[in-house]
Amino acid sequence: STFFSRSQNYNGPESVEHDPNNNVYYISNSGNGQILELDNNDNLSVFVDGLQAGPHGLELVEQYIGEKWIGQILYACSGGTLYGYDLYGNEVLNYSLNGSFLNGITHKIDNSVSDSPEITLFITDFSDKKLYQYNVLESTHYEICSFSKNPNGTYYDHINNRLLVVFWGWNAPIYEVNIVEGTYNSIINTGLSNLDGITMDNCGNFYISAWSSNALHKYNSEFSQTEIITSGLSNPADIFYNATENTIAIPNSGNNTIEFVLGACNNSVVQENLTNKNLITTVDMLGRLNTNNKFQLELYDDGSINKKYILK
């Protein structure tokens, strides 16, 4: 359930990132070439201006030289170019991937390979149906693989060491990509259309935004169960999970708003304090105590009902 919404100067908000050190959000304004900054007092300001395309996907990455932390870089997808900005808004990277429509972006940090952590960005190209890898230290890139469908959001699952990609189109799939071999397999065909964003909470649950349902869908880590977390969205785009507050930030590109909804991670102190509810029983659509039914209703002692659909 949505508990607050903010709408000020958004223009096609596409992607959201959060900086926990400064407690600010960064939002790409794909309609006017801006990246906005939203502070914890709800003040919205322009962080970067003048991008020629988009921008679309954003990714905030902590940067190191050796073991020395040098700050955070906000990467932005704009047309076929990858940009990088320090947290003062200064451009520190302008790198062409020779792409068409760079869209989703995520990253992996590997501390095992050298004195400096190896930081790898994974970037989808929506129009060219490709997946790229960009090495931050070497400032080089290469194509991992190409798809028959249009890739959109992507997320690196550090718990299971896998790269996930969601897709546009009908009965959109979620793919798991082998980044070493350049191969992929379908985890699930969602039955939804036009998937945009994907993120993961501290418990390993995944959240997917879909334009066909205008809703935020949660899947467990095995993608065997799903439920709708919130509906009534407007072309929800590239989402972000804030682990500190157990919230998912959702940019509504259709009506120029950002919504923040509570996540489902029970390991979070925030979740326990805000909900403070206990499961009473689980029934099917007809009220029968039949938990084998694929469609289940979970009844809680605060009067709330949670709808869940078992996929496998």
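Mentor: This is a predicted model. In it, Glu-227 forms a salt bridge with Lys-218, with 3.5 Å between the closest N and O atoms.

Trainee: What makes Glu-227 and Lys-218 a salt bridge?
Mentor: The closest N and O atoms are 3.5 Å apart, and the rule asks for a Lys or Arg side-chain nitrogen within 4 Å of an Asp or Glu carboxyl oxygen, so the pair qualifies. Both Glu-227 and Lys-218 are buried.

Trainee: How many salt bridges does this rule give?
Mentor: The count comes to four. Among them is the one between Arg-162 and Asp-157, where the closest N and O atoms are 2.8 Å apart.

Trainee: Why is Arg-162 called buried?
Mentor: Its relative accessibility is 11%, and buried means under 20%, so Arg-162 falls in that class. Asp-157 is buried too.

Trainee: Which side chain meets Arg-162 in a salt bridge at 4.0 Å, N to O?
Mentor: That is Glu-176. The pair links distant parts of the chain: Arg-162 lies in strand E15 (residues 162–167) and Glu-176 in strand E16 (residues 173–178), 14 residues apart.

Trainee: Why is Glu-176 called partly exposed?
Mentor: Glu-176 has a relative accessible area of 25%. Buried means under 20% and exposed over 50%, so a value in between is called partly exposed.

Notes
Residues are numbered from 1 along each chain as its sequence is written. This is a predicted model: local features need pLDDT of at least 70, side-chain atom pairs count only at pLDDT 80 or more; totals for chains, interfaces and linings use all residues. Side-chain values use heavy atoms; hydrogens and water are left out. Buried means under 20% relative accessible area, exposed over 50%, partly exposed in between (1.4 Å probe, protein chains only). Helices (H or I, at least four residues) and strands (E, at least two) are DSSP runs, numbered from the N terminus.
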